[in-house]
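Reader: I have a few things to check in this one. Can we go through them in turn?
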Amino acid sequence: MHSAPSSRSGGIVSVLAVAGIVGSLMQTLVVPLVGELPRLLDADAADTSWVITVTLLVGAVATPVVGKLGDLYGKRRMMLACSVPLVAGSVVCALAGSLIPMIAGRGLQGLGVGMIPLGVSALRDLLPPQRVGPAIALMSSSMGIGGALGLPIAAAVAEYADWRMLFWGSAALSLLVALLIWLLVPVTPAHGRGRLDAGGALGLGVGLVCLLLGVSKGAEWGWTSGTTLGLLGAAVVVLLLWGLWELRVRDPLVDLRTTARPQVLLTNVASVLVGFAMYAQSLVVMQILQLPESTGYGLGQSMLAAGLWLAPSGLMMMAVSGLGARLSAARGPRTSLFAGALVIAVGYGSAFALMGAPWGLMVAGSVGSMGVGLAYGAMPALIMGAVPQRETASANSFNTLMRSIGTSVSAAVVGVILSQMTVTTGGHVLPSEPGFRTALLVGCGVALVAALVTLTLPRRAAEPAAAEPSAAQPAAQPAAQPTTTGPAATPAVPVRIGHEELGPWRDAFRTPAPAQVTAGPEDAELTRLRAENAELRAENAELRGELDVLMRGVSAWVQNLAGRTN
C-alpha cells in the first residue's frame, strides 16, 4: 500500500533525500573545530573530544528506539519528532559558551540521526512499487553526500566566519526539513502492533554505550586499562542478557528471530564490514592530505583544501545511485551489494598506488564512494525484502546501527595501527607511511570479506510471513489482493527485491509504465485491511500447525511411556 500518487513521488523522494543529507551533515559538522574546541570552550582536549563522542553514543542508542516507534506510530510522525531535537540541539550549541552546554546540544543532535532510516523505510509506504528501488538508492547516496560536502562547507565557515554560524545554519536547515516533511510528505500508516519495549530499550542502550565507549576511547584510555576492559566486558554481559530478554518479551524492541533470518543476518554482517571499510579510507586519506610535505608522504593541504579534494566522492555516490537501481532491477540487490564491496576494495587499491598526489587520492576516494553508494543502496532493499511491513522501520534502524558499529570499530583499529607505526619529524610523532599503507591493506581486506559474506546471501529468501501460500490461491491473482479464504492463506508480502518473483515488490526497481491507475483512498485502505487480516490468518495457521506437531509428539511420548509401563 502507498499513500501518495505517482505525481507526488518526486517531491517526497526529494524531501526525504534532503532529510538524509541534513542528518548526515550533523556528524561532520564539528570536525573542522576539533583543534579549536579547547580554546573556544576553555576545556582540555580530552574533555572536548566528548563533543564528537556523545553524538555517536546518543545516535546509536536512539536509532533502534526511534525505528520501533516509527513502526508503532507512523514514520512521518517520528521524523517530525526527530527534527525537534535537531533544531533544539543546534540552537543550544550555537549559544554554548562552555563544554557542558555544547555536549548537551550535540547529544540532542544525536537524537535526530534516527530520521535517516525512518525516511528510507517510509519510501515503502509512500511510493508506488516501481519507484521504491531507485528512491532507496538515491536516499542512501544522499547520506554520503551530506558527509562528503559537509566537511568543506563546515571548514569554510569555520575559517572565514564565526564558528557559531555552523550551528545557526544547521538549526535553519533542520527547521526547513521539518517544514518540508510537514507540507509534502503524506501521513504514513502505523503497521506495527504492541507497545514499546522499555526494558529492551534500556538494555540495548546500556550495552551499546559500554561497547562504543570502550571502542572509541580505548586508544585514549589504553586498551589494557581496567576501564576499557571493564566496559567491553560489561557490554558482552549486558547484550547477552538483552538478547535473552528480547527472545522472551511479547513485543520486543528488536525481533531477534526476524534478525536471525539468513538474508537479514548476513546483510547486517556485511553492513558492519562495509561501514568499517568506508570509514577507514576516509580516515587515512584525510590525514595523508593534511600532513606536512616535509614528511615525504604528506601532501600539506589545509582542512578546507582537503575537504574540497574529497568533495567529488559525495557527488559520485549520488551519480552511481541510478546505476545501482538498474543493476538491482536486472540482477537483484544481492549483486549490487557484492559489486559495491568489490569496488570499495578497488578504491583501496588505487589509493595504495596513487597516494603521492592530491588528485590521486581524489580518484581513489571517488572510486571507493561509488562502491559505498552501490552497497548502501542495496542494504535497505535486502532488509525490507525479508521482513514484514510492520517491522521495516525497526529493521532498517537496526541495520543503520550495524553500520555505526562498523565505523566505530574502524576508527579504533585504524587508530591502533597509526599509533603503533610512527615516525618522528621536527620533534612531533606522526603516523608513518608504512602505517598508512597497512591501514589501507586492512580496509581492502575487510571490503573483500564483505564481498565474500554477500555471496552467502540466499538467492531466494523465505517469505517474511511464516506460512506458505495456499494452494487455492489463484496464480493470476494481483499481488495487492491477497486471498483470505483458506486457513493457511497468506498475504502477498514482499519476498525479495530483485529479478525473481517478489509479490507486490516485483516491479520495485523497474521503470513505470506510461499509464497507471491509482486506487482511491477507500480501495487502498480496504486492501491494507485485507492484507493485515490475511497476515493474521497466516500467523494463526502456523501456530495451529506448530501446536498440532507438539501435541502429536506428546501423544506419541505418552503412548510409548504407557507401553513400557504395561
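Reader: Which ring does the charged end of Arg437 sit over?
Author: The ring of Phe352. The charged end of Arg437 is 4.7 Å from the centre of that ring. Keep in mind that this is a predicted model.

Reader: Noted. And what lies over the face of Tyr376?
Author: Arg403 does, at 4.3 Å from the ring centre.

Reader: Now ring against ring. How many aromatic pairs does a search of the whole structure find?
Author: Two. Trp163 and Phe167 form an aromatic pair, with 6.1 Å centre to centre and 85° between the planes. The geometry is edge-to-face, because an angle over 60 degrees counts as such.

Reader: Are Trp163 and Phe167 buried or exposed?
Author: Both Trp163 and Phe167 are buried.

Reader: Switching to helices. At what angle do the axes of H10 and H11 cross?
Author: At roughly 155°, and the axes come within 8 Å. H10 is therefore roughly antiparallel to H11. H10 covers residues 198-221 and H11 covers residues 226-248.

Reader: Left-handed or right-handed crossing?
Author: H10 passes H11 in a left-handed crossing.

Reader: Last one, Thr454. Where does Thr454 lie?
Author: In helix H18, which spans residues 433-455.

Reader: Why does Thr454 count as buried?
Author: Because its relative accessibility is 1%, and buried means under 20%.

Reader: What is Thr454 in contact with, leaving aside neighbours within four places in sequence?
Author: Ala270, Arg334, Leu337 and Phe338.

Conventions: Residues numbered from 1 in each chain as written. Predicted model: local features only at pLDDT ≥ 70, side-chain atom pairs only at ≥ 80, totals over all residues. Heavy atoms only, no water. Phe/Tyr/Trp six-rings, centres within 6.5 Å; stacked < 30°, edge-to-face > 60°. Buried < 20%, exposed > 50% of the residue type's maximum accessible area, 1.4 Å probe, protein only. Lys NZ or Arg CZ within 6 Å of the ring centre and 35° of its normal. Helix = DSSP H or I, 4+ residues; strand = E, 2+ residues; numbered from the N terminus. Contact = heavy atoms within 4.5 Å. Axes fitted to C-alpha atoms, helices over the stretch in contact; angles between N-to-C directions. Parallel < 35°, antiparallel > 145°, perpendicular 65-115°, else oblique. Left-handed = near helix turned anticlockwise from the far one by under 90°.
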